[in-house]
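Reader: I am new to this structure and would like a close look at its salt bridges. Please take me through a few of them.

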Amino acid sequence: MSSASPTPLLDTLDTPDKLRRLKPEQLRQVADELRQETISAVSVTGGHLGAGLGVVELTTALHYVFNTPDDRIIWDVGHQAYPHKILTGRRDRIRTLRQGGGLSGFTKRAESEYDPFGTAHSSTSISAGLGMAVGRDLLGRKNNVIAVIGDGSMSAGMAYEAMNNAGALNSRLIVILNDNDMSIAPPVGAMSAYLARLLSSQTYGSAREILKNLAHRMPKFFEDRALRAEEYARGMVTGGALFEELGLFYVGPIDGHNLDHLLPVLTNVRDNGNGPVLIHVVTKKGKGYAPAEEADDKYHGVVKFDVVTGKQMKAKSNAPSYTAVFGQSLVKEAQKDDKIVAITAAMPGGTGIDIFAKAFPERTFDVGIAEQHAVTFAAGLATEGFKPFCALYSTFLQRGYDQVIHDVAIQRLPVRFAIDRAGLVGADGPTHAGAFDNAYLGCLPGMIIMAAADEADLVHMVATQVAINDAPSALRYPRGEGRGVDMPEVGVPLPIGKGRIMREGAKVALLSFGTRLGECLKAADDLAAQGINPTIADARFMKPLDVEMVLKLAREHEVLITIEEGSIGGFGTHVIQTLADHGMLDRGLKVRAMVLPDTFIDQDTPAKMYEQAGLDAKGIAAKVFEVLGSSPTVKSA
């Protein structure tokens, strides 16, 4: 007779304090149930699956050993925080993850006291944790601060700046390096676990301090060599010399899926820690779910999927994604021009650079999570006559803004910025929205800025960037699929700073910049049914602006409304400035700029987010009636 299945434990653990009442030998069952619950939830909502599966045991151990929420746990990026959310009172809402009105896909202070810091961009956890640790010290408190950071996030300079500062301040801080890029080889086994327990113990720490004190009492010649020998010996045994040089006490590597290894090390560090400590934990993305383990990207980001087969339920569409169109267009241009090179910052698939890399691997450079470096690296390539395309999400380009100004714009270097995820992005919410690039790039002298109205226009704009050799340029386009328009075989460079009239009308002019053009055309159809026939224009360029077209629209219409997928201070501001400079605002022209509202819009579908922002066809038509001081006619049934 087979033994009965164990009584489920996760159902009884709505908060970590109940987890801490369990016996250590029960945690394996908790971790197994937590992994299955994570898989089940993400199969319904979509999201970042692989990272969370890789830290199930670590999450369980952290909440068991540490007294959260008094002890602070900061999850760098937050992709891996779904198991954390399940254990911290949010299991009943976990199937609202990344949905409108639901849980954020990242940690969020407003969501839970167990989220002490909002993370969605990488490499911030150590800096935030150090700030919390110093704040604790100033307040005379004794709680622990733990920053969990992945090996990918460690490629960013900010992480090293933070560790360097942590070593200098010597505040008690625990950094956990979640290394999921290497397999768990034999060294990360029993011997490594033994060494980790030894190094994290009070006995070793005391012995090390005794040896250091003894060395300081030796003559200077012997003191230097004794300390150096001790340092090198630790580096050879543990591989942590770099972190030790920065002032962090290194422990590891240990198997991040073995609770028998994790629990004693975390307990030792909790009880014996002085100053900053780094624990090197080795994990595997997608751990425990075969489809995720076998995937090249370890199921980094998924849509809804079938749990049994792992098959993702992607919607069928004949329209290509803007990202794919960019990648394919760049390949075609590079086939004609061997000076074209492509740069991305750890997002080859997200930016379409993976398409380019397959065709031109030797001309493709993934610099890791290092946007500042990516921008200046591109600038250096430009000085040598190459044509660098620096492909970044709008929200990530923000991280390299100083370099855009000083290393590119001031020197007028022809770096081509391909800005993916412009506008609102849906499930990833406000942290990933490309809301500000029109404003933060538009103020830079000499920057050429264009936005594709559809996927066909994107093809021509890639060709346009190739042809620009005397100035930096930026091309913005959104996430998702295009409008399904006819596609050109090859891109043709556009006249710089020239827009186009899409539909002639009267009285009202709608001037679009970007992919809201489709919604403007829909709004025009709705307005036509109400007896209003607006002119529809596509600016194509924000800078240089088509001044001639803007003034023509102003002279020939009573109302001019600009529409863009960006914040205050962008395209509409440039148009209004131009109208003011030419005295057009003195003649009674009614001008309005439709932009994203001055707030951070929470996650939802892109369509609902744009509806909330008033930038869909209905909102555009409503703005026209508002400016005209009239109301739409209600048709009788």
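Author: **Salt bridges**

The count comes to 32 salt bridges, a salt bridge being a side-chain nitrogen of Lys or Arg within 4 Å of a carboxyl oxygen of Asp or Glu. The model is predicted, so local features need pLDDT of at least 70 and side-chain atom pairs count only at pLDDT 80 or more, while totals for chains, interfaces and linings use all residues. Residues are numbered from 1 along each chain as its sequence is written, and side-chain values use heavy atoms, with hydrogens and water left out.

One of the pairs is Glu111 with Arg90, whose closest N and O atoms are 2.8 Å apart. Glu111 lies in the loop between α5 (82-90) and α6 (125-139) and Arg90 in helix α5, so the pair ties together parts 21 residues apart in sequence. Helices here are DSSP runs of H or I with at least four residues, strands are runs of E with at least two, and both are numbered from the N terminus. Glu111 is buried at a relative accessible area of 17%, and Arg90 is buried at 1%; buried means under 20%, exposed over 50%, and partly exposed in between, with a 1.4 Å probe and protein chains only.

Another salt bridge joins the side chains of Glu565 and Arg516 (3.2 Å, N to O). This pair links distant parts of the chain, 49 residues apart: Glu565 is in the loop between β16 (557-564) and α24 (571-581), Arg516 in the loop between β13 (507-513) and α22. Glu565 is buried, with 3% relative accessible area, and Arg516 also counts as buried, at 11%. Finally, salt bridges that share partners join Asp11, Glu37, Arg91 and Arg95 into one network.
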